[in-house]
Amino acid sequence: MNPHFLFNSLNTLASLIYESPDKATDFVSKLSGVYRYVLKSNEKDLATIKEELEMAKTFVFLLKTRFEDDLNIDFEIKEDLEGFIPPLSLQLLIENAVKHNVVSPDSNLNIKVFNKGGKVHVSNSLNKKEVDLNNSSKTGLNQIKQRYEIYKTEGFKFYKTDSEFIVELPIIQ
Amino acid sequence: MKVLIIEDEKPAARRIKSLLENTPGVSVVGVVESVKRGKEWFNTNPSPDLIFSDIQLGDGLSFEIFKELGIKTPIIFTTAYNEYALEAFKHNSIAYLLKPFVQEDINESIAKFKEFPNSSNINFNDLIAKIRGEHAKTYRNRFLVEKGDQMISLQSNEVSYIYSEDKATLLKDLAGNRFFVRGSLDEIGQELDPRAFFRINRSMLVHHQSIDKISNYFGGTLKLELIPSFDGDVSVSRRRVSEFKDWLNH
């Protein structure tokens with residue numbers, strides 16, 4: 001995970017402490033949850049969809065605290081869906097979407113996570129930042145791809161339409 | 001003192017606003033959260049006395065606002081983490097604050113600003129390049145050229161200009177010697193430090209040290225006299241004139 005994320009989160013936290021100690025406590029607890037998951041996931045090759053969804057939702061909570069209504073994320077997927085996907089793949093795809101696209105009051109970023117045809121789909125509205133300081137997001141996508149190659153699972157793909165960027169993650173059983 | 005805040009993160013924007021409002025003599029005249037809204041704000045409001053600005057906003061870099069509108073108001077940049085930006089700020093003595101900050105940090109920076117109220121004259125193109133990490137790029141230092149049956153390694157800062165003539169690429173050094181060099185002007189131009197060399201027209205790259213006189217010429221072009229002198233007219237093509245002036249004004 002980007003070191004930027006930690007520093008930004010600490011800054012958000014500093015503001016929350018004044019606004020609402022309850023919110024601040026909640027934020028810290030979720031932030032440590034995210035980092036615990038990151039550390040744990042280094043030890044394993046696959047994660048259950050349930051674990052990944054839980055992690056992604058926690059991560060989204062942290063992002064929503066910063067961007068509030070400028071960022072919308074819908075999870076249209078059952079928590080208890082059976083199967084596995086590469087660990088941190090949902091978090092990575094959400095992080096990429098936020099990194100490369102405009103998130104502002106005039107142009108909200110909408111992300112959707114849903115289940116379709118035996119795959120977890122992550123789609124986001126496209127509105128690329130003009131000056132993008134971040135390197136290409138291909139490194140992350142390639143890592144996910146390699147993980148699927150190890151498990152000899154086909155069907156991982158990512159593509160653009162006119163208005164969206166979509167990634168399809170096959171569910172490994 | 002009228003202060004504008006540029007910050008895209010909502011809780012952070014509220015926090016810095018309340019810190020500034022608690023600072024005697026300071027009034028917050030606006031909080032802007034994106035590049036787009038920043039441009040709109042400056043187009044519809046009188047200039048503030050001081051700006052506190054985040055670097056990365058949800059729709060781009062705050063530098064884009066200042067660069068495009070030619071904002072001369074002093075700016076204190078705020079950042080949570082950006083090593084390239086910090087390096088660039090330190091290098092160019094640009095004021096910045098590390099987030100999260102406390103009331104004392106604000107007071108100190110306001111006091112400093114009162115003591116040295118010089119308006120900022122920041123080269124945003126340079127800054128953007130630096131924080132994109134382009135500073136890591138190394139430029140071509142030397143040219144291996146032949147003179148008679150000898151070979152000479154010429155340093156880039158000994159070069160006056162490089163030009164193309166009859167499909168060949170030639171280089172003239174400070175002493176007025178002329179050499180053939182390998183590669184096209186396009187290729188060589190990419191390798192050289194853009195602060196030192198400028199492509200003035202289709203057939204010439206010029207080092208700033210070789211420019212002796214500049215005068216207005218017909219059709220909005222500029223005529224140059226170079227040292228050592230060039231055989232023939234040297235002009236800056238019209239569409240490169242404004243960039244050329246910026247380059248000489250670094």
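A crossing of two helices is called left-handed if the near helix is turned anticlockwise from the far one by less than a right angle, and right-handed if clockwise. In this predicted model, local features need pLDDT of at least 70 and side-chain atom pairs count only at pLDDT 80 or more, while totals for chains, interfaces and linings use all residues. Residues are numbered from 1 along each chain as its sequence is written, and chains are lettered from A and ligands numbered from 1 in the order in which they are written.

Helix H1 of chain A (residues 3-19) packs with helix H1 of chain B (residues 10-21) at an angle of about 60°, their axes lying 8 Å apart. Axes are lines fitted to C-alpha atoms, for helices over the stretch in contact, and angles run from 0 to 180 degrees between N-to-C directions. H1(A) is therefore oblique to H1(B); angles under 35 degrees count as roughly parallel, over 145 as roughly antiparallel, 65 to 115 as roughly perpendicular and the rest as oblique. The crossing of H1(A) with H1(B) is left-handed. Residues of H1(A) including Tyr18(A) and Glu19(A) take part in the contact, and those of H1(B) include Arg14(B) and Arg15(B).

Elsewhere in chain A, helix H2 (residues 21-41) holds Tyr37(A). Tyr37(A) counts as buried because 20 C-beta neighbours lie inside 10 Å (20 or more is buried, 12 or fewer exposed, and in between partly exposed, with C-beta atoms placed from the backbone). The C-alpha atoms of Tyr37(A) and Met55(A) are 7.2 Å apart, although 18 residues separate the two along the chain.

Chain B has eight helices and 17 strands, and 32% of its 250 residues count as buried. One open sheet of chain B runs S15-S16-S17, with antiparallel pairing; strands pair if DSSP finds at least two bridges between them. S15(B) and S16(B) (residues 222-226) are joined over five bridges.

Conventions. Helices (H or I, at least four residues) and strands (E, at least two) are DSSP runs, numbered from the N terminus. Two residues are in contact if their C-beta atoms, placed from the backbone, lie within 7 Å.
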